[in-house]
Amino acid sequence: MKNGKFALKTLTAALALTCSVSAIAEELHVYNWSDYIAEDTISRFQAQTGIKVTYDVYDSNEVLEAKLLAGRSGYDLVFPTALPFADRHIRANIYQPLDKSQLSNYDNIDKGLLNNLSAVDAGNQHVVPYMWGTTGIGINLKKVKEILGDDMPLDSWKLIFDPKIAAKLSSCGISLMDDPNEVFAAAHAYKGEDHTDFSKKSLDAAAKTVTATRTNIRYFHGSQYINDLANGDLCVAHGYSGDILQARARAEEANNGVEVAYLVPSEGAVVWTDVMAIPADAPNKDAAHKFINFLMQPDVIAPISNYVAYANANSAATELVDDAIKNDPGIYPPQQTRDKFITLKTATDKENRAMTRLWTRVKTGQ
Amino acid sequence: MKLLQRPVVTGRALIIGVPWLWLSIFFLLPFLFVLKISISEPILAQPPYMDLLREFSDGLMTIKINLGNYLLLLEDPLYFNALLGSIEVAALSTLFCVLLGYPMAYAIARAPDHMRLPLLMLIILPFWTSFLIRVYAWIGILKNNGLLNQALMWLGIIDSPLEILHTPVAVYIGIVYSYLPFFVLPLYATLVRMDLTLLEAAADLGCRPWKQFVLVTLPLSLPGLMAGAMLVFIPVMGEFVIPDLLGGPNTLMIGKLMWTEFFSNKDWPLASALAAILLIVLIIPFVIMRHYEQRNEEANS
């Protein structure tokens, strides 16, 4: 009898111990874009806070959105693009308002970016900007010059949307993003039309511009062009600035004679911001706040910019960013380039569906 | 009195009940969920569709059913064309698998005993590598600067690289390569069980080898051939990965369209309606096969 009681006590003690241990080992689940963080960021955070980080990646906003809309994703921190994605999510009440008292580094964030974001997130309540970049054109410089000659200005959507020029480049390979928001905005910019007009007439006009060059497009994809540009399998790619700069770095590493250049078209290019947000059903909101605050430290975010070739949203970090990155006009563009930037507008769900279905038609030539 | 003493649940019912329970939980129930979502309305919320049950007060239940998704699928030719595109790809891929797989299965079934196992292993071996990696490998082979083009150019057969990747040809290569084992294995199982004395009898009666094949082997192998063909046709209908990785902009298939509706449009109801229609279309060949099998069994008995 005594023995039995003792065994029970030990068991209770052991149980209590396991419980307290699991309470100490805090966990944080982060869901971010692929190739969007430095190699040692996570280990530094773990060493500093003792929080165990599970880090998963995605390569399209749509995949993230589907998980968030289904609910109970289990993630504590996500990195959607502000427009049109985070905008929609905020309106669908998917995100938790941030507790700014837990974000002591908040003042480091670029005031201009916060001001822009307040258009989708009133009072900057739900999201903090992480990185920003542009969607432009990546080219295989040597091959494109060989085909078009040295005099042709290359910083133009003509390379893709002028059927005569695109036809010359098509055998060498042109790719477009598989995203109607981006492609239609680019098509509108090329024609000097209003890209925020989602009426049927306006969408049909954009579709017509794309259809005119469709046979010159090898494929529509959001990330495949990184490898293909670097290997010389593609001459012109419509893509994200940082992705194309990564292709440039890979080609340099491979030393394969391919010279990749990133260009911001003079007719206008989409500028976008990726933000950090905490889902309302996140299991560990405190740890998520700690991680956001950690990423707002200049000595944490600057090495990330150096590694991923995107400009961060942290004005205090700029001086810590490598000169090669800071002075790259593709990453930290000069004012005259910034003047050409256009921002996307979020379509209503109905407009969005009409746009996506039109896009499927355009792509498949139906 | 005797009737009352019989146990309510017999052993037989229990054994038959297990697969039925399995099918109900893992097939029927999920399908009912899909069906339910397909008649709801999309909204911007979590989850992104409205509940059918709107109100329940004073014993009055208000349910709102939205048939608009099915109407849109019927009205808009895009979806019908995608279905036709999928049927075309599935049918042609199945045909290629038959033409390529039948001789393979036949050769293995008629190979000497000690050779059969190694040959079968060669068919199964690719499964040891992840399906995705194998499809990715085809990108490396088929691309403009890829292995195939380099080899052909080195041999002097072509001057400039053939454009295969991102065309329908690449999709067919990827699909036939991936699904060939699913065709070969059931057909092999049928062919290897065949009673070879039937062929001897046919030969004794003056039947030539080619006619023996057409009149004896082929009809006897039909159940295996049909099973293999279904194992190729049905999954290829809903195939998404291979056309996405190897195909170009021209490949319009129902799987990709479903992806677009679900992910790009956040229109779960329409995606569910598409899934429901795809299932109905897929049940038709299955029913045909069942009918054929039954006729076969009746003929045998």
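Just after H4 of chain A, A:Asn93 takes a positive phi of about 60 degrees. Helices (H or I, at least four residues) and strands (E, at least two) are DSSP runs, numbered from the N terminus. The model is predicted: local features need pLDDT of at least 70, side-chain atom pairs count only at pLDDT 80 or more, and totals for chains, interfaces and linings use all residues. Residues are numbered from 1 along each chain as its sequence is written, chains are lettered from A and ligands numbered from 1 in the order in which they are written, and side-chain values use heavy atoms, with hydrogens and water left out.

H4(A) is largely enclosed by the rest of the structure, because 8 of its 10 residues are buried. Buried means under 20% relative accessible area, exposed over 50%, and partly exposed in between (1.4 Å probe, protein chains only). The buried residues of H4(A) include A:Phe85, A:Asp87, A:Arg88 and A:Ile90. Contact means heavy atoms within 4.5 Å. The buried residues of H4(A) pack against several elements of chain A, among them H3, helix H5 (111–117), strand S4 (127–140) and H17.

Chain A is divided into domain 1 (2–132 + 273–332) and domain 2 (134–271 + 342–364). These bounds come from an automatic or database domain assignment. The C-alpha centres of domain 1 and domain 2 of chain A lie 31 Å apart. Their contact takes 14 residues from domain 1 and 16 residues from domain 2. The two domains of chain A bury about 1300 Å² between them, 50% of it on carbon and sulfur atoms. Buried area is the accessible area (1.4 Å probe) that two parts lose on being put together, summed over both.

Between the domains of chain A the count is 1 salt bridge. A salt bridge is a side-chain nitrogen of Lys or Arg within 4 Å of a carboxyl oxygen of Asp or Glu. The side chains of A:Asp328 and A:Arg248 meet in a salt bridge (2.7 Å, N to O). H4(A) gives the most to the side of domain 1 that touches domain 2, with 5 residues. That side of domain 1 divides into 7 nonpolar, 1 polar and 6 charged residues. Ala, Val, Leu, Ile, Met, Phe, Trp, Tyr, Cys and Pro count as nonpolar, Asp, Glu, Lys and Arg as charged, and the others, Gly among them, as polar.

A:His195 lies in the loop between helix H9 (180–191) and helix H10 (200–213) of chain A. A:His195 is buried, with a relative accessible area of 15%. Its side chain reaches the backbone oxygen of A:Thr343 at 2.7 Å. Leaving aside neighbours within four places in sequence, A:His195 is in contact with residues including A:Ala185, A:His188 and A:Leu344. The C-alpha atoms of A:His195 and A:Lys345, 150 residues apart along the chain, are separated by 8.1 Å.

Chain A also meets chain B. The contact takes 34 residues from chain A and 35 residues from chain B. The two chains bury about 3000 Å² between them, 51% of it on carbon and sulfur atoms. Across this interface the rule finds 8 salt bridges. In one salt bridge, the side chains of B:Lys266 and A:Asp349 meet (4.0 Å, N to O). H17(A) gives the most to the side of chain A that touches chain B, with 9 residues. The residues of that side divide into 10 nonpolar, 10 polar and 14 charged.

Note on methods: A polar contact is a pair of N or O atoms within 3.5 Å; within protein, one must be able to donate a hydrogen and the other to accept it, and residues adjacent in sequence count only if both atoms are side-chain atoms.
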